[in-house]
Amino acid sequence: MKKIFAYISVAAVLAAAVSCGNGKGKQEVSPTEKAEEAPLVSVVTVNKQSVPQQTTYTSSVEAYAKNNIAPQQALRISKINVEIGDFVKAGQILAEMDGLQLQQAELQMKNNETEFQRLKDLYEAGGLSKSDLDAMELSYKVSKTTYQNLLDNTILRSPINGVVSARNYDKGDLYSMGQPIYTVEQIAPVKLLVGISEAEYSKVKKGNEVEISVDAFPGKSFKGTINRIYPTINQLTHTFNVEVIVPNRDYVLRPGMFARVTVRFGANNNVVIPDTAVIKQTGSGERFVYVLNADGTVTYQNVKLGVRNGNEYEVLEGVEDGAKVVVDGQARLRDGIKVRIAGE
């Protein structure tokens with residue numbers, strides 16, 4: 001037993017000696033006790049620039065003028081001269097109705113004209129009273145008006161230059177006073193009705209140029225001009241309408257096309273920052289950027305943004321001219337932290 005106890009004692013002494021020997025060296029620092037390394041970020045210097053003020057609105061292309069072609073009374077259609085898609089000129093005959101009534105009215109007018117001339121000669125010779133001559137003159141004028149009205153409603157002409165967009169009857173049909181026989185639409189020029197925010201009311205002027213794009217022709221833009229500004233504001237949408245005219249000389253824009261209309265309101269001189277610098281706060285509409293300070297720290301700064309142009313934002317409030325903002329490496333940042341700058 002004494003022998004075993006001696007062995008244990010020696011082992012204990014040796015272990016204590018080893019422990020003391022280790023205590024004399026440098027102690028290891030745990031990972032949590034190491035100093036945190038400053039995050040590496042990329043920054044850019046931002047400056048004031050001339051920023052075009054523009055907004056894009058949606059609208060639909062409309063015909064500049066639209067006419068429904070039909071007679072004033074039910075008549076049988078004797079001729080159909082044009083088809084859907086045909087381009088027509090103002091005054092061109094589109095259709096002709098049954099001409100029996102027109103022929104009767106023409107005969108009555110010519111007879112009254114002849115009688116009026118005869119009575120006029122008789123009156124000048126002193127063989128007729130003025131009242132009888134006036135009565136005949138009235139009959140002649142009434143028959144002439146009746147004939148002209150029937151002529152306009154028997155020989156149907158286009159009142160405008162345009163394209164036939166609808167034909168609802170065939171030759172031989174009896175026009176039933178329902179749908180028009182033809183619809184003709186003027187598409188050179190075309191117009192668009194655009195609803196603009198009331199905040200821009202004082203900035204919009206008649207004659208201002210706008211830019212139009214349509215899905216049917218991707219990558220192509222068309223120039224238009226504000227032709228009319230409506231005088232009232234919609235109380236529900238807080239917008240006002242402007243009428244935009246597009247020449248459309250090549251007829252590529254057609255009524256019904258979905259369009260985007262970009263309206264320009266001049267330019268502002270404000271700071272412009274890259275969109276990669278902007279951080280959206282989760283759960284709110286607020287936007288922030290990290291601004292680099294002179295001591296190498298960053299400040300988490302709330303900003304008010306204006307228009308976006310490509311991959312840049314206009315800054316209305318929050319960033320000064322000449323400031324340096326972080327554009328990469330924001331994930332590890334917090335307000336007031338010291339950072340390292342890439343490339344320095």
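Student: What covers the buried residues of helix 3?
Tutor: This is a predicted model, so read every value as computed. The cover over the buried residues of helix 3 includes strand 5 (93-97), helix 2 (100-124) and strand 6 (155-157).

Student: Which residues of helix 3 are buried?
Tutor: General idea to begin with. An α-helix has 3.6 residues a turn, so residues three or four places apart point the same way. Now the case here. The buried residues of helix 3 are Leu-133, Met-136, Tyr-140, Ser-143, Tyr-147, Leu-150, Asn-153 and Thr-154.

Student: How many residues does helix 3 have, and what span is expected?
Tutor: Helix 3 has 25 residues. From first C-alpha to last it reaches 36 Å, close to the 36 Å expected at 1.5 Å a residue.

Student: Is Tyr-140 buried or exposed?
Tutor: Check the relative accessibility against the cut-off: buried means under 20%. Tyr-140 is at 14%, so it counts as buried. Tyr-140 lies in helix 3, residues 130-154.

Student: What does Tyr-140 touch, beyond residues up to four places away in sequence?
Tutor: Tyr-140 touches Met-109, Asn-112, Glu-113 and Phe-116. Take Met-109: it is 31 residues from Tyr-140 along the chain, yet their C-alpha atoms are separated by 6.3 Å.

Student: Next, the nonpolar cores. Which residues have the most contacts inside the largest one?
Tutor: They are Leu-192, Ile-196, Ile-212, Val-244 and Leu-253, in a core of 25 residues. Six strands each supply at least two residues of this core: strand 2 (48-69), strand 8 (182-197), strand 9 (209-214), strand 10 (221-229), strand 11 (239-246) and strand 12 (258-274). Strand 8 gives the most, with 5 residues. There is also a second, separate core of 16 residues, which includes Leu-75, Val-82, Ile-160 and Ile-181.

Student: What is Ile-196 in contact with, leaving aside its neighbours within four places?
Tutor: The partners of Ile-196 are Tyr-57, Val-204, His-238, Thr-239, Phe-240, Val-242, Val-263 and Phe-265.

Student: Now the backbone. What should I look for?
Tutor: Most residues other than glycine have a negative phi, and most peptide bonds are trans. Look for departures from that.

Student: Which peptide bond is cis?
Tutor: The one from Ala-188 to Pro-189 is cis, with omega near 10 degrees. Pro-189 is found in strand 8.

Student: What is phi at Met-177, and where is Met-177 found?
Tutor: Phi of Met-177 is near 65 degrees, a positive value in a residue other than glycine. Met-177 is found in the loop between strand 7 (162-167) and strand 8. With a relative accessible area of 45%, Met-177 is partly exposed.

Student: What about phi of Asn-248? Is Asn-248 buried or exposed?
Tutor: Asn-248 is not a glycine, but has a positive phi of about 55 degrees. It sits in the loop between strand 11 and strand 12. Asn-248 is buried, with a relative accessible area of 5%.

Key. Residues are numbered from 1 along each chain as its sequence is written. This is a predicted model: local features need pLDDT of at least 70, side-chain atom pairs count only at pLDDT 80 or more; totals for chains, interfaces and linings use all residues. Side-chain values use heavy atoms; hydrogens and water are left out. A nonpolar core is a set of buried Ala, Val, Leu, Ile, Met, Phe, Trp, Tyr and Cys residues joined through side-chain atoms within 4.5 Å. Buried means under 20% relative accessible area, exposed over 50%, partly exposed in between (1.4 Å probe, protein chains only). Helices (H or I, at least four residues) and strands (E, at least two) are DSSP runs, numbered from the N terminus. Contact means heavy atoms within 4.5 Å. The expected span of a helix is 1.5 Å times one less than its number of residues.
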